[in-house]
Amino acid sequence: PDKNPGDEKAKEAFQHLLHAYETLADPVRRRRYDETGEDSEDSATNAAEVVRQMKSRLRPVTKEDIKAFTEEYRHSAEERADVANWVRRRRGDVSQLLELVMC
């Protein structure tokens with residue numbers, strides 16, 4: 001706003017930047033934002049409650065879980081069907097296929 005007096009867009013952009021800086025500089029607000037996507041206590045309350053409920057209902061995914069899934073899924077009929085569907089949706093363009101296949 002100092003360099004663009006009277007420019008409302010510049011003023012608004014500066015206020016957004018200041019708000020983001022204040023959020024990132026405050027450890028409590030930053031943690032709240034990282035966990036809920038909101039930085040004010042009022043807006044974060046509902047989101048924080050949803051996160052808390054989801055965490056209480058879902059168990060953490062372990063390395064063993066990922067390994068077991070990988071072993072079960074790799075070379076399975078489900079994987080073959082997923083790859084075939086992906087290729088069909090892209091009308092045969094497989095240029096990005098290797099980036100997405102579990103190795």
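Helices (H or I, at least four residues) and strands (E, at least two) are DSSP runs, numbered from the N terminus. The model is predicted, with local features needing pLDDT of at least 70 and side-chain atom pairs counting only at pLDDT 80 or more, whereas totals for chains, interfaces and linings use all residues. Residues are numbered from 1 along each chain as its sequence is written, and side-chain values use heavy atoms, with hydrogens and water left out.

**Figure 1. Overall fold of the protein, with six helices and zero strands.** Along the sequence the pattern reads α-α-α-α-α-α. The radius of gyration (taken over C-alpha atoms) is 23 Å, well over the 13 Å that the globule rule gives for 103 residues, so the protein is more spread out than a compact globule. That rule is 2.2 Å times the number of residues to the power 0.38. The C-alpha trace spans about 60 × 40 × 20 Å along its principal axes. Of the 103 residues, 12% count as buried; buried means under 20% relative accessible area, exposed over 50%, and partly exposed in between (1.4 Å probe, protein chains only).

**Figure 2. Nonpolar surface patch made by Phe 14, Leu 18 and Tyr 21.** The patch amounts to about 330 Å², the areas coming from the Shrake-Rupley method with a 1.4 Å probe, and for residues only the protein chains shown count as cover. Patch residues have over 30% relative accessible area and no salt bridge; nonpolar side chains (Val, Leu, Ile, Met, Phe, Trp, Tyr) are joined within 5 Å, and like charges within 9 Å. A salt bridge is a side-chain nitrogen of Lys or Arg within 4 Å of a carboxyl oxygen of Asp or Glu. Leu 18 belongs to helix α1 (residues 8-25) and is partly exposed, at a relative accessible area of 38%.

**Figure 3. The one aromatic pair of the structure.** The ring centres of Phe 69 and Tyr 73 are 5.2 Å apart and the planes lie at 15°, so this pair is stacked. Rings of Phe, Tyr and Trp (its six-membered ring) pair if their centres lie within 6.5 Å; planes under 30 degrees apart count as stacked, over 60 as edge-to-face and the rest as tilted. Both residues lie in helix α4 (residues 63-73), four residues apart, about one turn of the helix. Phe 69 is partly exposed at 44% relative accessibility, whereas Tyr 73 is buried at 12%.

**Figure 4. Gly 6 in the segment before α1.** Gly 6 counts as exposed, at 75% relative accessibility. The C-alpha atoms of Gly 6 and Arg 52 are separated by 44 Å, these residues being 46 residues apart along the chain.
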